[in-house]
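This briefing goes through one protein chain by topic. Please keep the sequence and the model in view while reading.

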Amino acid sequence: MTKSFAVLATLLQLSDGARMARKSRAHRLDKTRHMPICDETVVAETCAAFTETVGKSSATVEDIATSLLVTEASAKAFLQKLGLDGQEVTCQDLCRQTADSFPADLLPPASFLSCQMHGSEKVCDLDLSSEGLAAVANTADPHRFHPVNASDDAERPVARPIVAKAPDVPVVEPLEASFDHLQEEVGHWFGIWTVLEEEGPEIQGPMIQGKCGTVEQGCSGLGGSSNQKEIDRMTLAFLVETEKKVKSGCGNLLQKWFGSSKSEMKNQVITGLQFVANTVKTAYYVNWEDYAGYYGWVYPGEKMNGNLVIHFGKAYFDSGTADRIGTITHEAMHHPPLRRRDRAHRRRAGPKQYCDVPGCLGLAKSDPAEAQLNDDNWSFFIDDLVGGGMDNNAGRGSRCSR
């Protein structure tokens with residue numbers, strides 16, 4: 001064997017090893033995080049969230065409809081299509097029949113594990129377990145929405161990127177949901193995340209002009225970051241994790257961030273989280289990578305192709321995963337009908353008026369009504385429930401209690 005051929009053989013072995021390592025990465029993940037699909041531990045945890053009762057093994061049509069904000073008729077139709085009749089089903093049957101309703105090639109090899117296609121390879125290395133999401137949430141910046149300086153207004157083509165208007169309390173009617181919608185939602189609650197398609201190239205160049213939204217032109221691209229599908233998936237996982245925890249209790253954290261743990265507050269939070277999740281699934285993202293000091297902004301109610309628009313500034317693309325997720329949840333909440341608002345309009349009152357984590361917690365104590373309308377309180381509440389570390393005075397990772 002010549003020296004050059006030996007080197008080539010070695011490189012090929014290394015290349016094969018890299019591909020094998022990539023393919024088998026999921027199998028090296030902690031098995032306590034990624035149990036088999038519909039493992040009894042996973043089913044029990046989800047059943048407790050659906051029913052708001054620890055130890056129950058079955059859920060009613062009403063439990064499922066209330067948890068997912070759909071009509072009882074659509075929940076019942078979904079169950080019947082799965083072959084589950086009656087007003088109550090075992091959670092194990094619900095999980096198994098939902099899993100079996102997906103094409104086998106779209107299923108991940110384990111629960112709370114997300115896969116994505118890379119060419120012909122199915123790579124399963126995105127950890128959506130409670131522990132994996134908590135590790136991401138722990139990296140969130142509690143001051144992420146502070147401006148770089150108070151003069152950043154001059155950089156925007158429109159002086160006030162967010163219209164400061166008192167929001168209305170959202171009134172979201174239960175959705176007459178399709179089978180596909182409920183299949184996806186129920187799957188997510190049981191930790192079943194079907195395979196993502198390969199990321200497409202970011203849309204840039206002259207073709208994007210005229211597609212930057214309905215208010216501004218001159219954006220740098222469309223579609224968010226190069227791994228936006230994964231960011232969106234993690235955002236949805238954050239929201240599902242939060243919904244399940246709120247359904248299971250967490251009255252102490254509702255009190256902490258919103259100054260109330262009443263059932264009305266709990267229901268309002270569930271409604272808001274569902275609205276944000278539905279927004280993320282279809283959001284129209286516009287990139288403004290040249291605008292420093294901005295994570296993102298919206299014009300409440302702005303739509304392109306029927307989908308709500310979220311604009312991303314340079315700070316979004318420079319930030320880590322947790323703060324990209326926080327930007328998405330924060331900005332989505334500005335849209336009607338949820339229409340949360342910034343407590344003090346940024347770049348008008350200056351950074352001292354920002355509601356970062358300490359300020360948001362103080363607001364929940366001094367003025368709960370304002371805290372409940374403030375998008376930062378909502379965004380940091382999600383971070384805290386998922387894994388926390390946002391409140392340094394209370395220790396790392398606040399725990400739920402009723």
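Is Asp 127 buried or exposed? Asp 127 counts as buried, because its relative accessibility is 14% and the cut-off for buried is under 20%. The model is a predicted one. The chain has 402 residues, of which 53% count as buried, and it contains 15 helices and 9 strands. Among contacts with a separation of 6 or more, 75% are between residues 24 or more positions apart.

- Arg 33 is partly exposed, at a relative accessible area of 27%, whereas Asp 127 is buried.
- Lys 244 forms a salt bridge with Glu 45, with 3.3 Å between the closest N and O atoms.
- Lys 244 is buried, with a relative accessibility of 5%, while Glu 45 is partly exposed at 41%.
- Glu 52, Lys 247 and Lys 266 are linked in a network of salt bridges.

- Lys 314 forms a salt bridge with Asp 318, and their closest N and O atoms are 2.6 Å apart.
- Both residues lie in helix 11 (residues 314-318), where they are 4 residues apart, about one turn of the helix.
- Lys 314 is partly exposed, with a relative accessible area of 32%, and Asp 318 is exposed, with 55%.

**Packing of helix 2 on helix 8**

- Helix 2 (residues 40-51) packs with helix 8 at an angle of about 65°, and their axes are 7 Å apart.
- The crossing of helix 2 past helix 8 is left-handed.
- Helix 2 contributes Glu 45, Thr 46, Ala 48, Ala 49 and Phe 50 to the contact, and helix 8 contributes Lys 244, Lys 247 and Ser 248.

- Which side chain of opposite charge is nearest to Asp 232? It is Lys 229, which is 9.2 Å away.
- Asp 232 is buried and has no salt bridge; its place is in helix 8 (residues 228-248).
- Apart from neighbours within four places in sequence, Asp 232 is in contact with Val 280, Tyr 285 and Ile 328.

**Nonpolar cores**

- The largest nonpolar core has 82 residues, and those with the most contacts inside it are Leu 94, Phe 190, Val 269 and Phe 381.
- A second, separate core has 13 residues, including Leu 222, Trp 288, Tyr 294 and Met 304.

- Met 304 is in strand 8 (residues 303-304) and is buried, with a relative accessible area of 13%.
- The C-alpha atoms of Met 304 and Lys 211 are separated by 8.1 Å, although the two residues are 93 residues apart along the chain.
- Outside four places in sequence, Met 304 is in contact with Gly 210, Lys 211, Gly 213, Thr 214, Tyr 284 and Val 309.
- Asn 305 is in the loop between strand 8 and strand 9 (307-313) and is exposed, at 69% relative accessibility.
- Phi of Asn 305 is positive, near 55°, in a residue other than glycine.

- Pro 336 and Pro 337 are joined by a cis peptide bond, with omega about 10°.
- Pro 337 is in the loop between helix 12 (321-332) and helix 13 (357-366).
- Arg 339 is also found in the loop between helix 12 and helix 13, and its phi is near 50°, again a positive value in a residue other than glycine.
- Arg 339 counts as buried, at 14% relative accessibility.

Notes:
Residues numbered from 1 in each chain as written. Predicted model: local features only at pLDDT ≥ 70, side-chain atom pairs only at ≥ 80, totals over all residues. Heavy atoms only, no water. Helix = DSSP H or I, 4+ residues; strand = E, 2+ residues; numbered from the N terminus. Buried < 20%, exposed > 50% of the residue type's maximum accessible area, 1.4 Å probe, protein only. Lys, Arg positive; Asp, Glu negative; His and termini not counted. Salt bridge = Lys/Arg side-chain N within 4 Å of Asp/Glu carboxyl O. Contact = heavy atoms within 4.5 Å. Core = buried A, V, L, I, M, F, W, Y, C linked by side-chain atoms within 4.5 Å. Axes fitted to C-alpha atoms, helices over the stretch in contact; angles between N-to-C directions. Left-handed = near helix turned anticlockwise from the far one by under 90°.
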